[in-house]
Amino acid sequence: LLHRRAAHVLEQQQERQVEYTAVIAAHYEEAGDYSEAIAGYRQAAVEAQAINAFPIAAGYLRKALELLPAGDDSDGMRSDLLDRLGDCLRLTAQFEGALELYEQALSITPGDEALARARILRKTAETLWPMNRTAEGLEVSNQAAKELEPLLRENGVNAAPEWVNVHLVMAWLNYWSLDPDGILASLAEIKPLLDKPGFVEQKQRFLAYSSLGEYLRLRYRPESSSVDIFRQHFEIAKQEENLFLIADTEFRLGFTLLWRGDLAAAREYLAHSQGICEELAVHLLWVQNATYLMVAARLMGDEEAVANQYSQERQKIEKIGSLVYISTMHAMGSWLAYRERNIERAINEAQKAVIAWERIPIPFQWLARWVLLAVALKEDRLEDAVVEARAMTTPPQHLQDEPVNEALETAVSLWDNGQTAAAQEALAQAKFLAEEANYL
């Protein structure tokens, strides 16, 4: 009785903090009123998620699940809790656990709950990408779309937001498949909906993913308009005072500035975004920032900064388990070893990166292949050097500085035409230019 009275008193507070909500739930639990306690812990988790406190939210959701009686899920509470807990784990880069929770939630969500099933499938697809399962993620997102198609025809208003979200995920997965046409096709499906009122956040993501398609088409030589778009997104995020959104838009802005060649500004935005990610325990975005901070430092010739970040952050990046960023770490380790004249280690690290890229392609293979080209050239393995040059210049690989790229393409062309000596000279010139530009 005492605990129930205390819970009612706290509920009267006009401005309840997340902690108050959890305390209310705890009092109901002590009173044996488990249904109220479960609802309270769930509400505390919702409030914690709203302020991006995902580890705290996860604790409350686990507490609610512990109190939930075994049996059917007729009210949808268990599915909802599992789904929300999956979100918390996904956003803190605990992908295996998140995937398992989404699968559990889907297994108890009735077949006639198409909207709920589509939402869980969409989140599953989002989880599969950092687990190096992009193709599977596309299949799952297509399943989500099929769940929604009848609903969209019957009642478009309710299904439209999730239809948009599913196709945004498809666009993202197509980006990581290096498929600009796939990105355009996914976005074309939702453009008519986004022309209508609402969809503020989705419109921002639509523009962002449109830019990703342009990145691939322009081979990571973005136009100034892309910078303008992400600056606008960043200002909107600041106005909304949403830390996660600020970190996300800062990363995109820093990433765009990096490939525009404004390296100092890129490092500033990426570092600030990484700091927010550290505060929020948003590990995947933290890793993305860490990766491109190292790339920016490398292109500035700041070997000390790259070495410091590499030694401090390698274990954390490897723990996340995303092959995209693990392979990039191998590439950066290769560059550092090459600069230190540790050629054996340089080759070993570069080869690890290249092997990983056979499983999941990335458009910045010069990060490792320059080392392999330089070593092959020094050892008079000209054919191997040409292989690396060809791999670096094949679209949609990043279009390096014009003199560097031109020298590489010339070398490949000369080799293909049987002009071996001239090809060797062109490769030597390309290597010299790459060193000047800090690619090597």
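The structure is a predicted model, in which local features require pLDDT of at least 70 and side-chain atom pairs count only at pLDDT 80 or more, while totals for chains, interfaces and linings use all residues. Residues are numbered from 1 along each chain as its sequence is written, and side-chain values use heavy atoms, with hydrogens and water left out.

The largest pocket holds about 1,400 Å³ of space. On a 1 Å grid over the protein atoms alone, a pocket is an open set of points with protein on both sides within 12 Å along at least five of seven lines, whereas a cavity is a set of points where a 1.4 Å probe fits but cannot get out; lining residues have an atom within 4 Å of a point. Grid points are joined across faces, edges and corners, and a volume is the space filled by probe spheres set on the points. The pocket lining comprises 39 residues, and R90, L91, E126, E201 and F244 lie nearest the centre. Two or more lining residues come from each of α3 (34–50), α5 (77–91), α7 (114–128), α9 (156–176), α12 (200–217), α13 (224–240), α14 (243–260) and α16 (283–299). Helices (H or I, at least four residues) and strands (E, at least two) are DSSP runs numbered from the N terminus. By class, the pocket lining has 19 nonpolar, nine polar and 11 charged residues; Ala, Val, Leu, Ile, Met, Phe, Trp, Tyr, Cys and Pro count as nonpolar, Asp, Glu, Lys and Arg as charged, and the others, Gly among them, as polar.

Two cavities of 30 Å³ or more were found in a search of the whole structure. The largest cavity has a volume of about 110 Å³. Its lining consists of 13 residues, with W172, Y175, L212, F251 and F255 nearest the centre. At least two lining residues are supplied by each of α9, α12, α14 and α16, and α14 provides the largest share, four residues. This lining divides into 10 nonpolar, two polar and one charged. The second largest cavity contains about 40 Å³ of space and is lined by Y175, W176, Y220, Y292, V324, T328, I362, P363 and F364. Both α9 and α18 (323–339) contribute at least two residues to this lining, in which eight residues are nonpolar, one is polar and none is charged.

In soluble globular proteins, nonpolar side chains tend to be buried together. With residues up to four places away in sequence not counted, W370 is in contact (heavy atoms within 4.5 Å) with M392, Q400, V404, L408, A430, K431, A434, Y439 and L440.

A105 lies in helix α6 (residues 95–107) and is buried, with a relative accessible area of 0%. Buried denotes under 20% relative accessible area, exposed over 50%, and partly exposed in between (1.4 Å probe, protein chains only). Beyond residues up to four places away in sequence, A105 touches S79, L82, D83 and I120. The C-alpha atoms of A105 and S79 are separated by 4.6 Å, although these residues are 26 residues apart along the chain. S322, in the loop between α17 (303–320) and α18, is buried at 1% relative accessibility. Under the sequence exclusion of up to four places, S322 touches P130 and N132.
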